[in-house]
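Please read it alongside the sequence and structure shown here.

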Amino acid sequence: MPPLKIAQFCWESLHATREGGLSPAATHLAEVLGTTHEVHFFTRGDGPDRCIGGNTYHFCQPEGETILDYCHDMSMKLLRKFHESDTPPFDIIHFHDWHCIDALGELRDRTTVMSYHSTEYGRNGGNFSDSPEFHAISAKEWSGGHQAGHVTTVSKHTKTEIMWLYGIPEQKVTVIPNGIYPEHYCLPLDPGPVKKRYGIHPLAPLVFFIGRLVYQKGPDLLVDAIPQILKRRWDVQFIIAGKGEMRRELEERCRTLPVRFTGYISDEEYLQLLNACDLVVIPSRNEPFGLVLTEAWSAERCVVATDVGGLSENIDNFVDGIKVPVRADSLAWGISYIIEDPVRIRAMGLAGKRKVLSRFNWHDTGRMMEQVYTKVIKSRGDEARRKEVRAG
Amino acid sequence: MTDPGSSSLCMGLNIHFPYLVETRKREEETPEKGDTFFSRSQKADFREYLSRAVLPAMDCILAWLDSGGSISLSVSGLAIEQLIGDKTDEADLLVQAMQHRSVETLGQTYYRSVAGLFSKNDEFIHQVSRHADLVEGLAGRRPQVFEGTEFEFNSPLTDTVRTLGFLALYSEGYDHLLSAKSPNYVYSCRNLPILLRNCRLSDDIAHRFHDRTWDRYPLTAEKYARWVAETPGDCIHIRLDAGIFSGAGSEALSFREFFCGLPEALHSRDVSTVLPSSVVRNPPRGELQLEDLGLCSSDTVCALTGIQNMLQQSAFWCLEDAGDLITDRESWRRLQSTDHFARMAITSGSCGRGAVRRTSKEAYDYFSAYLRTLARCEAACQTQIRPRLAAHALRCLPPDKAFHFHSEFRFTGYSAHSLKEFSRLLEFVPDEVFRFHQERGDFSRWITGVLGDTTLARSIAQCKGPGEAAHLVTERCRKLCHRLK
């Protein structure tokens with residue numbers, strides 16, 4: 001396959017503005033593609049455009065009162081940057097999530113791919129909403145899916161979701177899971193000192209939650225489960241890391257419970273906690289992929305997660321994790337069940353690590369994406385030829 | 001190329017009966033020496049163990065030997081002592097079995113204890129030698145292979161074991177912890193050959209034999225012999241607790257039928273039964289750290305051990321420190337048995353041991369009873385320990401006298417059951433917890449009222465933070481320990 005000139009549009013990256021799980025997914029994909037192709041990454045950030053790890057990053061600083069105005073402004077600014085680099089023309093233009101969809105609209109006659117890392121419906125905890133913002137973002141997701149030459153999703157669950165939500169035809173959608181670099185997440189450390197830093201006894205079992213404290217991620221389900229867990233085992237301690245609109249309410253509810261809220265934590269602190277904890281809990285109500293799952297497995301941690309989306313697809317129940325229904329009492333059961341059995345906790349963590357090594361590596365993800373690019377370029381070429389024949 | 005199936009099997013039987021502590025409170029009684037510290041039904045319980053478990057197990061062993069099989073026996077000093085003290089027929093049976101040429105008795109600590117985890121190894125050496133002397137006296141042969149307990153995942157221990165003259169050490173091989181390694185080969189740790197029990201195949205018998213929900217139920221001798229023959233490796237090591245031979249009615253019959261039929265079934269599959277000391281001659285498959293076999297604790301202080309939870313940790317520290325405070329060595333040693341620590345965990349028993357699940361409360365109740373017993377033992381010896389003040393300040397405290405760390409709204413989850421543990425916990429107590437207690441004067445009140453150390457109480461009241469207090473208390477402990485010596 002000859003080297004392609006690829007444009008990636010994503011509103012966040014690991015090298016500038018970073019929000020959540022989308023930034024590592026898009027950045028690492030660009031990096032792996034950059035080893036054989038020319039990749040330009042259009043994103044938010046300060047300063048001049050620069051080359052990072054072989055890829056060219058083009059930055060803009062958008063403005064806008066609402067999230068929709070902000071993203072429209074970003075799309076237009078990135079589009080200008082795009083045109084500046086469009087000679088020779090890009091072979092593939094790839095959009096991640098809805099934020100840059102207005103740019104996709106402008107470039108709809110080019111060879112485009114759109115990746116859904118989540119949907120607005122999913123981010124709303126698997127619920128519809130009457131808010132104007134929900135409708136506007138959903139409309140953008142709908143139009144992106146239809147205008148793009150091809151669509152990828154991070155799990156079968158998200159594929160099904162966009163098929164029924166937005167009527168995207170099945171043959172237009174390919175599932176490509178995120179990869180991971182397990183060595184970035186596994187630290188050889190003694191958990192004792194890390195637990196002590198948080199005032200936790202080194203031998204107290206530590207349950208760790210990381211994620212935005214919003215309804216979709218289900219931190220409230222975990223908080224509701226805690227008293228039931230303590231009834232069965234009194235010495236379990238909890239750390240809830242991350243920020244979000246639910247924090248104040250959750251903290252109030254946990255006042256008398258063995259829970260520490262850390263707020264935002266640095267990458268370094270995250271790695272330390274991930275490797276020091278005994279169990280990672282992912283109580284999401286909707287999870288397109290669940291990056292925390294592959295990160296926890298990379299650190300050889302056992303996972304108790306809700307049976308939704310990518311978590312449901314990727315976890316083999318009782319082999320490399322425990323899946324429970326989206327209910328506080330089920331979550332309590334799952335955590336209490338496994339926390340009592342340190343040998344199985346360890347075994348499930350190791351099984352997860354094996355799965356990560358065999359199924360979630362960026363090299364394979366990059367190759368799968370290349371195949372999608374080849375397919376969409378070929379189908380556009382065929383279409384163009386058909387048009388020529390019809391015209392000629 | 002895949003490895004061929006195993007051609008040999010090493011079957012082991014484990015007989016042990018600890019002195020458990022009395023879980024019912026009896027503070028009203030005055031401390032006495034000797035057996036009164038332990039369960040009041042000890043003798044009756046032991047007799048029941050003999051008749052329900054040991055006797056059927058011995059029957060099966062004799063049948064096994066009659067059919068030409070070899071078997072290794074792991075009998076603790078405590079079990080032999082109680083058997084002989086009881087003057088029962090089982091004692092004669094056991095001695096006869098130990099003397100049989102197809103039987104090898106394994107070495108271990110006399111009390112099947114946690115002494116291997118102590119910071120000094122003199123107690124461990126004493127108990128291993130005492131057990132080896134006892135076995136040599138009865139069987140006419142000194143044990144050659146040492147059996148580690150489920151708590152001893154501690155590589156430096158292998159140096160001591162080798163110095164004591166053992167050829168190899170037995171440990172436990174959980175498939176899922178070994179990852180790429182197989183338990184069915186000989187390994188080496190610090191130049192000592194390591195034999196690993198196959199925990200999965202042991203637990204197929206110990207845990208799953210009677211389990212009707214098991215997808216491979218019912219287990220027959222032929223089926224088991226086929227699994228052994230198909231399992232790659234040099235030798236499969238199986239260990240069974242005598243306790244699993246206890247059962248009633250048809251269950252006991254079917255188990256006996258299975259066990260007694262095993263030598264013939266193995267023979268028909270060309271699998272021979274061998275003794276551990278002969279397996280040691282196989283070349284090691286690689287180097288192994290004992291720490292990789294167990295679940296290492298997450299505390300540096302007690303790293304490299306099998307200690308898993310806070311209760312076991314507190315009890316272990318109190319037990320080790322009590323070495324300087326208890327002159328009644330026999331009682332102190334009986335309190336070292338791993339069984340006490342297993343009872344402080346919610347789940348215990350794997351790799352051939354009977355599986356037990358307890359509630360949090362049951363585990364905590366046993367822990368409380370254990371510390372009460374340890375405290376009573378110390379109290380009974382206090383007249384012989386000088387200076388009295390130092391002994392009083394360093395003694396073990398049962399939960400009702402311990403210092404429980406709290407914040408304004410909740411219990412932190414940990415408590416100090418001795419002055420030394422207090423200093424260790426102060427190292428990571430959060431500032432707000434320290435402030436909460438300091439402002440109320442809790443530290444100095446506890447140190448004066450419970451430990452009787454007014455000097456320390458005065459100084460701690462001046463401390464501004466947990467780090468300063470931890471340093472102060474550590475120094476005080478060091479001085480008090482020095483005075484005891």
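In this predicted model, residues 24 or more positions apart supply 65% of the contacts in chain A that have a separation of 6 or more. Of the 392 residues in chain A, 49% are buried. The chain contains 15 helices and 14 strands. Its radius of gyration is 22 Å, close to the 21 Å that the globule rule gives for 392 residues, so chain A is as compact as a globular protein of that length. The C-alpha trace of chain A spans about 80 × 45 × 40 Å along its principal axes.

**Domains of chain A**

The domain assignment divides chain A into two parts: domain 1 takes in 5-179 + 361-391, and domain 2 covers 182-359. Their C-alpha centres lie 31 Å apart. The contact between them takes 18 residues from domain 1 of chain A and 12 residues from domain 2 of chain A. On the domain 1 side, the elements that give two or more residues are helix H1 (22-34), helix H4 (120-123) and helix H6 (156-166) of chain A. H6(A) gives the most to this side, with three residues. By class, the domain 1 side has four nonpolar, 12 polar and two charged residues.

**A six-stranded sheet**

Chain A has an open sheet of six strands in the order E11-E10-E9-E12-E13-E14, with parallel pairing. Its edge strands, E11 (259-263) and E14 (322-324) of chain A, each pair on one side only. From one strand to the next, the twist averages 20°. A:Thr306 stands opposite A:Val324, a residue of E14(A). Helix H10 (residues 267-276) of chain A lies across strand E9 (206-210) and strand E10 (237-241) of chain A, and runs at about 140° to E9(A).

**The interface between chains A and B**

In the contact between the two chains, 26 residues of chain A meet 28 residues of chain B. Helix H7 (191-197) and helix H14 (342-359) of chain A are the elements that give two or more residues to the chain A side. H14(A) gives the most, with five residues. The chain A side divides into 11 nonpolar, five polar and 10 charged residues.

The table sets out the residue classes for the two contact sides described above.

| Domain 1 of chain A, touching domain 2 of chain A | four residues | 12 residues | two residues |

**B:Val279 in chain B**

B:Val279 is placed in helix H10 (residues 276-279) of chain B. Is B:Val279 buried or exposed? B:Val279 is buried, because 20 other C-beta atoms lie within 10 Å, and the cut-off for a buried residue is 20 or more. Leaving aside neighbours within four places in sequence, B:Val279 is in contact with B:Cys10, B:Val186, B:Leu195, B:Cys235 and B:Val274. B:Lys87 is 192 residues from B:Val279 along the chain, and the C-alpha atoms of these two residues are separated by 35 Å.

Note on methods: Residues are numbered from 1 along each chain as its sequence is written. Chains are lettered from A and ligands numbered from 1 in the order in which they are written. This is a predicted model: local features need pLDDT of at least 70, side-chain atom pairs count only at pLDDT 80 or more; totals for chains, interfaces and linings use all residues. Two residues are in contact if their C-beta atoms, placed from the backbone, lie within 7 Å. Helices (H or I, at least four residues) and strands (E, at least two) are DSSP runs, numbered from the N terminus. Ala, Val, Leu, Ile, Met, Phe, Trp, Tyr, Cys and Pro count as nonpolar, Asp, Glu, Lys and Arg as charged, and the others, Gly among them, as polar. A residue is buried if 20 or more other C-beta atoms lie within 10 Å of its own, exposed if 12 or fewer, and partly exposed in between; C-beta atoms are placed from the backbone. Domain bounds come from an automatic or database domain assignment. Two strands pair if DSSP finds at least two bridges between them. Axes are lines fitted to C-alpha atoms, for helices over the stretch in contact, and angles run from 0 to 180 degrees between N-to-C directions. The radius of gyration is taken over C-alpha atoms; the globule rule is 2.2 Å times the number of residues to the power 0.38.
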